Amino acid sequence: MAQAQCFLPRTAAEGARNACDDTLAGLVAEVSGIVDDPAVGEPEIVRALWRGLLAAGAATRLPALADCARLSFGPGQESAALPADVQHGPTDAFLLPGHGRVRLLPDLAALRRMADGTGRGRARFAAAGGGRLHVRPVPEVAVEIAVGYHRLPDALVAPSDKPSCLPPHLAGRLLVSFACRDIFERLEEGADGKKPQTRAYGARFEAALAELVGLFGPATTQDEPVDIPRGPVDPRPFGEDWP
């Protein structure tokens, strides 16, 4: 089932993309109208909106950003580069073709405790570190491992671009409030430390962000125990589809 979910089309995500009405041009105009300062140009507003989109994507695992990649491992190759656009994950891994799940561990230390790095065989365990996926045992023959992950959002560049990864009812509130907070923080610098507009739009952003995280959960999850005992471990008790 998990493998099917990794590769089936994400129709719900496509629907969310089409439903978003907010364009970059509209968001820039809204922020410009709120700030109402001729010294604040469009490039500054676009940068602030982009930072807001990155902040929203970093706070939760947005379904529209779920993606998959195939990593190639040659004989004796113990790690492969993860996609450059990884923001969260990997979330799951499968040995191809059709050899079942590779168990993801929380870090490289756990991987070293779980499996001897000198052995070769069918990859059973993996962990991400340094932008790479490390596997144990090291493959004896060339294989591919499919990994699921959540990518970075698409940049907002053209006037018609939309923050399509965000829920339509939250996209405008999140990005406009973040951009206004970001810009007012600069404009109110030195104003006796009060910064009323910065605080007001900061509170609006935090409220919208909390609603977003409430929908999809926090970005950081711990699915595996960090404290894994030393020594050889029979993988079958973990409930995976080992032969």
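Colleague: Which residues have the most contacts inside the largest nonpolar core?

Modeller: Val31, Leu49, Leu166, Leu174 and Leu212, in a core of 35 residues. A nonpolar core here is a set of buried Ala, Val, Leu, Ile, Met, Phe, Trp, Tyr and Cys residues joined through side-chain atoms within 4.5 Å. Buried means under 20% relative accessible area, exposed over 50%, and partly exposed in between (1.4 Å probe, protein chains only). This is a predicted model: local features need pLDDT of at least 70, side-chain atom pairs count only at pLDDT 80 or more, and totals for chains, interfaces and linings use all residues. Residues are numbered from 1 along each chain as its sequence is written, and side-chain values use heavy atoms, with hydrogens and water left out.

Colleague: Which elements give two or more residues to this core?

Modeller: Helix 3, helix 4, helix 6 and helix 7 (196–216). Helix 6 gives the largest share, 10 residues. Helices (H or I, at least four residues) and strands (E, at least two) are DSSP runs, numbered from the N terminus.

Colleague: What is Val31 in contact with, leaving aside neighbours within four places in sequence?

Modeller: Ile45, Leu49, Val176, Ala179, Cys180 and Ile183. Contact means heavy atoms within 4.5 Å.

Colleague: And which residues of helix 3 are buried?

Modeller: Leu24, Leu27, Val28, Val31 and Val35. Down the helix 3 axis, the buried residues fall within an arc of 100°, so they line one face. That arc is taken from the directions from the helix axis to the C-beta atoms. They pack against helix 4 (42–59) and helix 6 (168–187). On the other side of helix 3, Ala29 and Gly33 are exposed.

Colleague: How many bridges join strand 3 to strand 7?

Modeller: Seven, and the two run antiparallel, with strand 7 covering residues 143–151. One of the residues to look at is His88, whose bridge partner in strand 7 is His150.

Definitions and conventions. Two strands pair if DSSP finds at least two bridges between them.
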